[in-house]
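Please look over the sequence and the model shown here, and then read the briefing that follows.

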Amino acid sequence: MKAERSWGPMPVSEENGRFLRQSEPSLSANSPYRLHIRALKGRDQILAVTGMLQDLAVRCGQLGAMQDIVYYLSKPGVLKRIPQLLLFFPEGSSAKPLEQAGEPMGALLLFEYYLLGSSLSLFTTNDRSGRNSLVCPIGLRSFLAICASDYLIEHGAHTVMISYRNGPAAALDSSPQPQPPLASRLDARMASREQDIPDYLPLADSYEATLATIGQRTRSNMRYNRRRAESRLGCTFHPAVDISREEFLAFNRETMYKVSDQVASWRYDIHQGLAQPLFMGLRDKDGRWLALIGGRRFDCGSEILWQMNRDGLPQFSLSLVARSYFIEHEIAHGSEALYIEGGTSHPIHFSFVRERLTHLAVLRRSLRAVLTKKLARHFISEDNDLARILFDPVIVWS
């Protein structure tokens with residue numbers, strides 16, 4: 001499916017356009033233009049433009065975004081969902097085939113949700129970090145998020161939520177946001193919520209130098225529990241795990257917070273599709289797996305995508321032990337930052353660099369939107385970002 005929508009004029013300050021190439025249309029207030037949105041639906045259509053998305057991420061300074069998009073396109077969930085990609089182009093590209101339209105000025109990855117084979121008309125991004133959802137120059141992110149929401153509402157959506165990075169507060173203050181002409185203004189309500197989140201742990205040139213930047217109690221626990229696991233369990237680190245699917249699924253059933261066989265199978269299979277996959281683990285003296293970590297490298301960073309720890313050994317803090325080995329290994333391979341997909345509740349997050357995350361929600365004034373909100377109470381956990389913005393009594397809807 002391909003669809004288009006024109007917006008304009010769009011006055012944007014020169015500061016907002018500082019990330020774009022000189023050959024691209026000017027984004028200054030003196031040269032407005034109209035914006036066209038193209039929608040791609042489904043895994044195959046989106047994977048076909050992977051190169052375009054990665055080039056866009058580099059131009060916008062969002063290194064690593066969209067690099068392993070296959071991971072997010074196939075990630076299992078409670079409800080069936082179909083990915084959609086919105087591409088934002090300046091005027092003049094609407095009549096051209098996609099491969100001849102030139103470089104997009106932005107891209108947004110989100111998902112349409114289904115129940116019992118029918119669309120819920122619910123669209124959300126599916127990246128709690130906001131790093132891999134909206135890719136565009138920082139000064140245009142709020143503008144394009146609002147344009148995308150209005151586009152989706154006009155094309156049948158009843159509930160939309162977009163989570164994206166908006167940069168530090170200083171960047172927001174210096175980048176005034178233009179307001180698009182919302183065609184859906186009269187039949188929809190909009191609300192936004194901002195939060196500062198722990199983004200990544202800076203990695204120094206050595207493991208010990210990195211530990212020195214972490215809180216005293218956390219680094220003491222990392223050293224103590226690692227020595228204890230080695231002396232009491234005979235723990236050894238394996239930077240390249242070789243394990244069969246059957247063994248992997250069997251280990252999952254013996255772990256804390258085990259997942260379904262479907263999710264475990266997806267973790268095992270998707271590992272092969274990553275650009276620079278990481279698969280590490282810990283064994284005890286008898287050769288049993290104690291912990292497994294799946295991750296990836298991108299640019300100068302390393303990311304833990306999932307982790308599995310053997311149940312019944314809480315006193316050894318296997319999660320922290322495995323991460324200490326992971327950090328040491330990645331520092332030795334030149335990594336400068338540690339990311340954890342989905343975040344972490346461990347106190348180590350207090351040593352992370354923080355980033356601004358914005359959640360934009362739009363609800364159509366309709367019975368379906370009301371029913372979707374009621375349905376969310378049963379299918380969406382309370383810590384989900386959509387649930388937080390839908391049910392927060394302090395949020396102001398306009």
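**Briefing on selected side chains**

Leu371 belongs to helix α11, which covers residues 367-379; helices (H or I, at least four residues) and strands (E, at least two) are DSSP runs, numbered from the N terminus. This is a predicted model, in which local features need pLDDT of at least 70 and side-chain atom pairs count only at pLDDT 80 or more, while totals for chains, interfaces and linings use all residues. Residues are numbered from 1 along each chain as its sequence is written, and side-chain values use heavy atoms, with hydrogens and water left out.

**Surface patch**

- Leu371 has a relative accessible area of 47% and is therefore partly exposed, a class lying between buried (under 20%) and exposed (over 50%), with a 1.4 Å probe and protein chains only.
- Together with Leu367 and Val370, Leu371 forms a nonpolar patch on the surface, and the accessible area of these residues together is about 300 Å².
- Patches are made of residues with over 30% relative accessible area and no salt bridge, with like charges joined within 9 Å and nonpolar side chains (Val, Leu, Ile, Met, Phe, Trp, Tyr) within 5 Å.
- Accessible areas come from the Shrake-Rupley method with a 1.4 Å probe, and for residues only the protein chains shown count as cover; a salt bridge is a side-chain nitrogen of Lys or Arg within 4 Å of a carboxyl oxygen of Asp or Glu.

**Aromatic rings**

- Rings of Phe, Tyr and Trp (its six-membered ring) pair if their centres lie within 6.5 Å, and planes under 30 degrees apart count as stacked, over 60 as edge-to-face and the rest as tilted; the count by this rule is 9 aromatic pairs.
- The pair of Tyr200 and Tyr339 is tilted, because the ring centres are 5.4 Å apart and the planes stand at 40°.
- This pair links distant parts of the chain, 139 residues apart, with Tyr200 in strand β8 (residues 188-202) and Tyr339 in strand β13 (residues 337-340).
- Tyr200 is partly exposed at a relative accessible area of 24%, whereas Tyr339 counts as buried at 12% relative accessibility.
- Phe298 and Tyr339 also make a tilted pair, with ring centres 5.4 Å apart and planes at 45°; Phe298 lies in strand β11 (residues 289-298), 41 residues from Tyr339, and both Phe298 and Tyr339 are buried.
- One aromatic cluster is formed by Phe248, Tyr268, Phe279 and Trp306.

**A buried loop residue**

- Thr255 is found in the loop between α8 (245-252) and α9 (261-270), and with 3% relative accessibility Thr255 counts as buried.
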